[in-house]
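Hello,

Here is the structure we spoke about. Please look through it first, then read the notes below.

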Amino acid sequence: MKRAIFIILCLMLSFTGCKKKRSPQPPEAVLLLFPEQNSECTTGVSLGEEKSQVEFNWSAADNTETYELRVTNTETGTVQTIISTNTSATLPLEKGKQYSWLVRSKNSQVEQTVSSEIWHFYNAGSNATFAPFPATIVSPASSENVFKDLNNEVVLSWSASDLDNDIVNYEVYFSVETPPTDLIRSLQPSVNSIKVSVASDTVYYWSVVVIDAEGNNSNSGIYNFKVL
């Protein structure tokens with residue numbers, strides 16, 4: 001009997017010793033919830049004539065200990081950050097200004113961090129008109145590898161919105177250099193894609209400027225892709 005118990009204990013110890021310790025998992029990206037993409041945030045708590053306190057909300061992410069909220073004034077480039085262990089945080093923002101925001105997921109057991117999408121919104125103020133939101137690049141995605149078609153062309157596509165709904169045209173810049181300075185097309189607001197001629201084994205850079213009836217404009221930022 002004692003011999004049987006001894007054998008069982010040895011087998012248990014052997015099995016336990018063979019188990020591999022699970023490696024820490026990198027955090028996953030959150031889904032942004034509020035303020036909504038390309039919207040006017042009217043729920044801020046007023047802090048006077050110039051600022052209001054805005055609450056940001058996002059979904060929980062697996063393997064995440066803390067969340068870093070980053071909010072950028074798109075006009076000045078000023079960035080505000082705050083660390084939270086919850087799925088919400090508040091920041092004081094200037095009224096009537098356009099902002100972008102994202103959330104980074106972090107885990108102290110790994111160096112890798114991951115960022116959410118970037119959303120844009122206006123903090124409500126006394127605006128008579130609003131500049132358009134930056135165009136959202138649809139395809140090719142940034143740093144994507146793509147194949148040209150039989151005509152040696154690739155389709156560039158994007159979407160855009162404006163709270164005043166008065167976009168008058170898009171300017172598309174495209175070249176093999178960065179920043180792209182070649183204005184290749186000026187398009188009506190009903191057109192949000194074009195074909196461009198490309199060559200194999202070449203990296204291209206492009207951006208879209210959105211212009212409204214008041215002369216306000218916004219830039220998508222620079223995107224790139226490689227033609228295989």
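Helices (H or I, at least four residues) and strands (E, at least two) are DSSP runs, numbered from the N terminus. By that rule the protein chain has one helix and 19 strands. This is a predicted model, in which local features need pLDDT of at least 70 and side-chain atom pairs count only at pLDDT 80 or more, while totals for chains, interfaces and linings use all residues. Residues are numbered from 1 along each chain as its sequence is written, and side-chain values use heavy atoms, with hydrogens and water left out.

Of the 228 residues in the protein chain, 34% are buried (under 20% relative accessible area; exposed is over 50%, partly exposed in between; 1.4 Å probe, protein chains only).

Now the salt bridges. The term means a side-chain nitrogen of Lys or Arg within 4 Å of a carboxyl oxygen of Asp or Glu. The whole structure has four of them.

Glu68 pairs with Lys106, with 3.6 Å between the closest N and O atoms. Glu68 lies in strand E5 and Lys106 in strand E8, so the pair ties together parts 38 residues apart in sequence. Glu68 is buried at 9% relative accessible area, whereas Lys106 is partly exposed at 26%. A network of salt bridges links Glu68, Arg104 and Lys106.

Another salt bridge joins Asp201 and Lys226 (3.5 Å, N to O). Asp201 sits in the loop between strands E16 and E17, and Lys226 in strand E19, 25 residues apart. Asp201 is exposed, at 59%, and Lys226 is partly exposed, at 30%.

Regards
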